[in-house]
Amino acid sequence: MRSDGGGGGAPLISLRGVSKAFKSGTVALQNVDLDIRDGEFFTLLGPSGCGKSTILRIIAGLTAGSGGKVQWRGQPSLGFVFQEPTLAPWSDVFDNVWLPMRLKGVSRAQADGDVRRALASVGLTGFERAYPRELSGGMKMRVSIARALVLKPAVLLMDEPFAALDEITRAKLNDDLLTLRTAIGATVVFVTHSVYESVYLSSRICVMAPRPGRVSAEIEIDPLATRDEDFRLGPYYAERVREVSAALHAAMDGAKCA
Amino acid sequence: MTRENLEDYLFPTLMLVIAVLAWEAYVRLDHVPSFLLPAPSEVIVTLIKDWSTLGASLLVTLTTTFEALLAAIVGGVSLALIFHLWRPLERAFFPFAVVMQVTPVISVAPLLLVYMSSGAAVLVCAFLVAFFPILSNTALGLASADHNLLDLFELYGASPWQQLRLLRLPSALPYFLGGLRIGGGLALVGAIVAEIAAGSAGAGSGLAYRIVESGFRLEIPRMFAALFLISITGILIFLFFTGLSWLLLHRWHDSMRSRER
């Protein structure tokens with residue numbers, strides 16, 4: 001796998017000395033250095049207020065940093081999944097997934113194949129004409145993921161996408177996300193506050209400390225280990241969860257002293 | 001029809017029938033003179049007998065109401081869009097809109113009658129009251145687009161026109177329709193109020209003028225007939241816009257769906 005190289009070519013995205021201060025004076029991010037490598041599942045883990053969502057927004061270009069720079073190798077190409085499904089309630093599922101292509105000037109007929117493939121990849125074939133109002137929370141999130149994937153981006157940015165879902169739906173979506181990622185080979189930058197979710201999904205976890213938001217620790221998870229129920233119940237998983245938990249507590253204790 | 005459905009329609013209808021019958025019975029049994037309170041049956045008879053006059057007046061009032069409402073929709077939506085595209089203009093003009101809204105239309109009517117023909121004055125009065133709810137609701141709706149969806153549009157490099165057409169306008173639709181339901185009722189109120197003001201000035205033939213005229217002549221059954229027509233018109237306007245809202249929103253908007261229990 002390319003993901004574990006580290007020493008290989010230039011990283012896909014690199015952040016150098018990125019800071020963000022809001023007008024109120026709150027320092028959301030202080031001097032963050034990060035490299036996102038090709039094909040990895042990179043997770044930003046931390047308590048609320050540590051600026052992990054802000055990093056995602058800065059990478060996406062939705063928020064400007066107050067300092068530092070973000071460099072892409074080549075043209076930025078990304079899909080974004082928000083914490084809420086963020087679907088247009090007045091459009092049916094097909095039109096919601098078509099939206100990114102529509103904004104690029106692709107007609108409904110031209111987009112048809114890509115939209116149907118994206119919907120099939122998240123298991124929603126047959127729901128093209130349903131309205132968001134008629135779908136469950138998990139299905140709405142699947143539509144949101146299909147929409148983020150329809151333009152085949154190199155990087156998928158996900159901001160706590162499963163935080164509002166129940167445990168069972170979340171576990172199912174975690175597995176489906178991993179399968180999907182293997183199929184399309186996209187790099188994922190994922191934000192979560194769940195230690196378990198981060199260990200299960202990621203190939204690399206960046207633990208963040210709050211006030212001001214900064215990188216506190218980086219932990220690698222074996223990307224080759226198959227993610228299934230055995231993985232979740234095995235000693236390797238338990239060990240990593242303990243390690244990540246400890247790193248998270250250290251990050252938060254550091255913040256209290258500061 | 002389910003039991004709940006039956007109750008929904010049965011009780012209001014029953015109540016209405018009882019009220020009308022009680023009214024009829026009271027007038028007949030107590031021998032109330034018709035210049036004080038006519039029986040419902042007499043009102044209906046008058047309505048049919050005087051239909052040529054009342055029907056023509058109804059048409060006049062309806063025309064005024066819908067012309068005013070159309071002008072209020074065009075004006076309100078355009079101004080909301082202009083305000084949205086250029087905020088300083090909103091700050092500059094909103095006070096005028098508020099003054100127009102809070103000044104009772106009946107107090108402006110005499111002034112308007114000095115400046116313009118009574119037909120035009122009535123139209124302007126009806127426009128003035130219908131305009132503000134449509135403007136303010138549409139402006140609110142345009143500003144209420146989901147912030148995450150705005151981010152998404154920005155992410156995919158949407159043009160301002162795409163953002164307006166595919167995001168702002170659909171987001172504003174439920175608000176606009178709410179404004180339309182209020183504005184539709186108010187346009188009728190504005191038209192009636194202005195007709196009464198203009199009617200006393202001598203030239204008018206709308207339903208409100210018939211009411212004033214019947215009052216002078218003590219033709220109370222005819223007054224009731226005209227009142228009845230005004231009520232029916234108001235109800236039909238309300239039902240029309242409620243139906244329109246349902247047609248446009250029922251597939252997706254929460255306001256049009258019953259909660260699942």
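**Exercise 1.** Determine where Leu58(B) is placed in chain B, and decide whether Leu58(B) counts as buried, partly exposed or exposed.

*Solution.* The model is a predicted one.
Step 1. Leu58(B) lies in helix H3 of chain B, which covers residues 51-85.
Step 2. A residue is buried with 20 or more other C-beta atoms within 10 Å of its own, and exposed with 12 or fewer. Leu58(B) has 19 C-beta neighbours inside 10 Å and therefore counts as partly exposed.
Step 3. Leaving aside residues up to four places away in sequence, Leu58(B) touches Leu207(B) and Leu229(B).

**Exercise 2.** Describe how helices H9(B) and H10(B) pack, and classify the residues of their contact.

*Solution.* Two quantities describe a pair of packed helices: the angle between the axes and the distance between them.
Step 1. For H9 (residues 207-217) and H10 (residues 220-249) of chain B, the angle is about 160 degrees and the axes are 8 Å apart.
Step 2. Angles over 145 degrees count as roughly antiparallel, so H9(B) is roughly antiparallel to H10(B).
Step 3. The crossing of these two helices, H9(B) and H10(B), is left-handed.
Step 4. On the H9(B) side the contact includes Leu207(B) and Ile211(B), and on the H10(B) side it includes Ala226(B) and Leu229(B).
Step 5. The residues of the contact of H9(B) with H10(B) comprise eight nonpolar, two polar and two charged.

**Exercise 3.** State how chain A is divided into domains, and characterise the side of domain 1 that touches domain 2.

*Solution.* 
Step 1. Domain 1 of chain A consists of 8-46 + 63-77 + 154-247, and domain 2 of 81-152.
Step 2. Taken over C-alpha atoms, the centres of domain 1 and domain 2 of chain A are separated by 24 Å.
Step 3. In chain A, 15 residues of domain 1 are in contact with eleven residues of domain 2.
Step 4. On the domain 1 side, strand S6 (155-159) and helix H5 (167-184) of chain A each supply at least two residues. H5(A) gives the most, with six residues.
Step 5. That side of domain 1 divides into eleven nonpolar, one polar and three charged residues.

Methods:
Residues are numbered from 1 along each chain as its sequence is written. Chains are lettered from A and ligands numbered from 1 in the order in which they are written. This is a predicted model: local features need pLDDT of at least 70, side-chain atom pairs count only at pLDDT 80 or more; totals for chains, interfaces and linings use all residues. Helices (H or I, at least four residues) and strands (E, at least two) are DSSP runs, numbered from the N terminus. Two residues are in contact if their C-beta atoms, placed from the backbone, lie within 7 Å. Axes are lines fitted to C-alpha atoms, for helices over the stretch in contact, and angles run from 0 to 180 degrees between N-to-C directions. Angles under 35 degrees count as roughly parallel, over 145 as roughly antiparallel, 65 to 115 as roughly perpendicular and the rest as oblique. A crossing is left-handed if the near helix is turned anticlockwise from the far one by less than a right angle, and right-handed if clockwise. Ala, Val, Leu, Ile, Met, Phe, Trp, Tyr, Cys and Pro count as nonpolar, Asp, Glu, Lys and Arg as charged, and the others, Gly among them, as polar. Domain bounds come from an automatic or database domain assignment.
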